[in-house]
Amino acid sequence: MASAREMRIRIRSVKNISQVTRALETVSASKVRKAINAVMATRAYATKAWQVLTHVAAQPGRESLHPLLARRTPVNNALVVVVTGDRGLAGAYTSNVIRFTAHRFDSVPVPVKYIAVGRKGRDLLIRRRKQVIADFSNLPAAPSFMDVSAIPRVAVDEFMQGGADEVFLVYTDFINMGRQVTAVKRLLPLELGGEGRVEAFEPKQVSGPAAAYEYEPDQREILDEIIPRFTALQVYQAILESLASEHAARMIAMRNATDNAKELVGALQLAYNKVRQQAITSDILDIVGGAEALAQ
Amino acid sequence: MTIRCEIVSQDRTVYAGDVDIVVLPGAAGEMGILPKHAPVLTTLKYGIVKVRTAGREELFTVAGGIAEVQPEIVTILADAAENVEEIDEARAEAARKRAKEALASGAQADTDVYLAMEAALRKSNLRLDAVRRYRKGRVNLPGSEG
């Protein structure tokens with residue numbers, strides 16, 4: 001068994017760690033509140049915008065409506081926008097996203113390129129030897145639409161120039177404090193129905209087969225305006241969802257760490273007390289033995 | 001028979017309900033939308049959206065955006081939207097002054113800053129206009145010109 005001195009040092013260091021994790025938990029708790037407000041505020045608009053996009057895409061002859069809606073066959077290459085955070089200590093948050101991405105896209109038979117949003121995800125993608133063509137790290141804590149508009153622009157450019165026939169978005173949907181779900185969405189060309197999307201983001205189908213729209217002022221102008229903007233908005237919303245998820249994941253991870261540290265301190269304290277008691281007992285035995293030897 | 005109407009601005013849902021008629025400031029002029037309307041996708045001008053249910057009328061300012069009309073639902077995605085009754089006249093006036101001064105203080109025309117300022121001024125004017133014309137039961141005029 002370790003010496004009493006070593007154990008004292010160990011107990012002190014565990015206590016210090018628990019102080020750090022508790023502080024991080026508190027910070028994350030306030031950040032997650034702000035992030036939830038941000039994500040809730042824009043969710044209604046983003047959901048409606050997505051709904052309008054799917055209605056537009058559900059019209060007959062979507063291929064000729066707008067280049068961003070046109071499906072390409074065969075698909076020769078794909079691009080994936082992967083949204084993670086810049087910081088660690090968020091439990092399994094980053095690795096969940098990367099594992100999900102690998103599971104979904106490693107078996108795809110065409111070359112896949114990646115755009116990384118967030119430093120942690122970028123590092124993991126590079127370690128897995130993925131082709132990362134763009135990296136957006138160090139986003140502000142509460143990004144505005146303008147802050148992130150470069151991300152969809154890169155994706156749209158890549159799609160338009162033929163560098164990617166399909167563009168996907170992998171992010172973490174915020175359900176509640178205890179539950180965040182990794183999700184994938186096909187951004188370009190727009191996907192109807194969809195895979196892996198959750199209720200919060202799911203548009204309600206309003207009516208059956210969509211009839212063709214009348215457009216005012218005219219089709220070209222209005223589609224040119226809304227399709228790129230609403231597509232960009234989906235990226236923005238995904239980033240907000242991911243941010244809220246990241247803070248929530250970190251808060252839970254830090255709370256668990258603090259709890260574990262407390263438990264560990266208790267166990268160590270008990271062991272330390274035993275060691276100390278044993279030392280005292282043997283000291284007394286020594287003294288008694290010595291006294292008796294003198295008395296004889 | 002009613003039609004569902006949802007007005008959503010970039011930061012909140014401003015209105016959601018089943019209504020008899022929606023009048024909105026479309027790109028080609030005022031449009032009245034009744035239930036079973038044919039699908040339309042239109043951009044919106046700065047102006048007033050009117051929503052009527054069982055004789056009661058509610059008014060909203062919208063500062064641009066788009067509207068999607070389906071036979072059972074009208075979705076208005078506004079860049080900014082407000083219930084006319086909720087507009088604080090004093091604050092709107094102050095905002096208009098600020099916007100006007102900022103614009104007068106000489107930003108370069110055609111820059112993003114200038115355009116943003118101009119948009120702010122137009123928005124403030126629209127809100128004030130709406131308040132003065134439509135408040136307190138004086139609901140009889142057609143929509144304002146942005």
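This is a predicted model: local features need pLDDT of at least 70, side-chain atom pairs count only at pLDDT 80 or more; totals for chains, interfaces and linings use all residues.

Visitor: Which strand of chain A pairs with β5(B), and in what sense, parallel or antiparallel?

Guide: The partner is strand β6 of chain A, residues 214-216, and the two strands pair in the parallel sense over three bridges.

Visitor: And how many residues are in contact between chain B and chain A?

Guide: On the chain B side there are 24 residues, and they are in contact with 19 residues of chain A. Several elements of chain B give two or more residues to that side, namely β1 (3-9), β2 (12-19), β5 (40-53), β6 (56-69) and β7 (73-78).

Visitor: Which of them gives the most?

Guide: That is β5(B), which gives four residues to the side of chain B that touches chain A.

Visitor: What classes of residue are on that side of chain B?

Guide: Sorted by class, the side of chain B that touches chain A has 11 nonpolar residues, eight polar ones and five charged ones.

Visitor: New topic: what are the scores of the model?

Guide: For the model as a whole, the ipTM is 0.75 and the pTM is 0.80. Chain B has an average pLDDT of 83, and 88% of its residues score at least 70.

Visitor: Now the helices of chain A. At what angle do α5 and α6 cross?

Guide: Helix α5(A), residues 150-160, and helix α6(A), residues 219-295, cross at roughly 120°, and their axes come within 9 Å. Because of that angle, α5(A) counts as oblique to α6(A), and the crossing is right-handed.

Visitor: Which residues make the contact?

Guide: From α5(A) there are I151(A), P152(A) and V156(A), while α6(A) brings P228(A), T231(A), A232(A) and V235(A). Six of the residues in this contact of α5(A) with α6(A) are nonpolar, one is polar and none is charged.

Visitor: What about α2 and α3 of chain A, how far apart are their axes?

Guide: Helix α2(A), residues 93-105, packs with helix α3(A), residues 119-127, at an angle of about 45°, with the axes 10 Å apart. These two helices are therefore oblique to each other, and their crossing is right-handed.

Visitor: And who makes the contact there?

Guide: On α2(A) the residues are T94(A), V97(A) and I98(A), and on α3(A) they are K120(A), G121(A), L124(A) and L125(A). By class, the contact of α2(A) with α3(A) has four nonpolar residues, two polar and one charged.

Terms used:
Residues are numbered from 1 along each chain as its sequence is written. Chains are lettered from A and ligands numbered from 1 in the order in which they are written. Axes are lines fitted to C-alpha atoms, for helices over the stretch in contact, and angles run from 0 to 180 degrees between N-to-C directions. Angles under 35 degrees count as roughly parallel, over 145 as roughly antiparallel, 65 to 115 as roughly perpendicular and the rest as oblique. A crossing is left-handed if the near helix is turned anticlockwise from the far one by less than a right angle, and right-handed if clockwise. Two residues are in contact if their C-beta atoms, placed from the backbone, lie within 7 Å. Ala, Val, Leu, Ile, Met, Phe, Trp, Tyr, Cys and Pro count as nonpolar, Asp, Glu, Lys and Arg as charged, and the others, Gly among them, as polar. Two strands pair if DSSP finds at least two bridges between them. pLDDT is the predictor's confidence in each residue, from 0 to 100.
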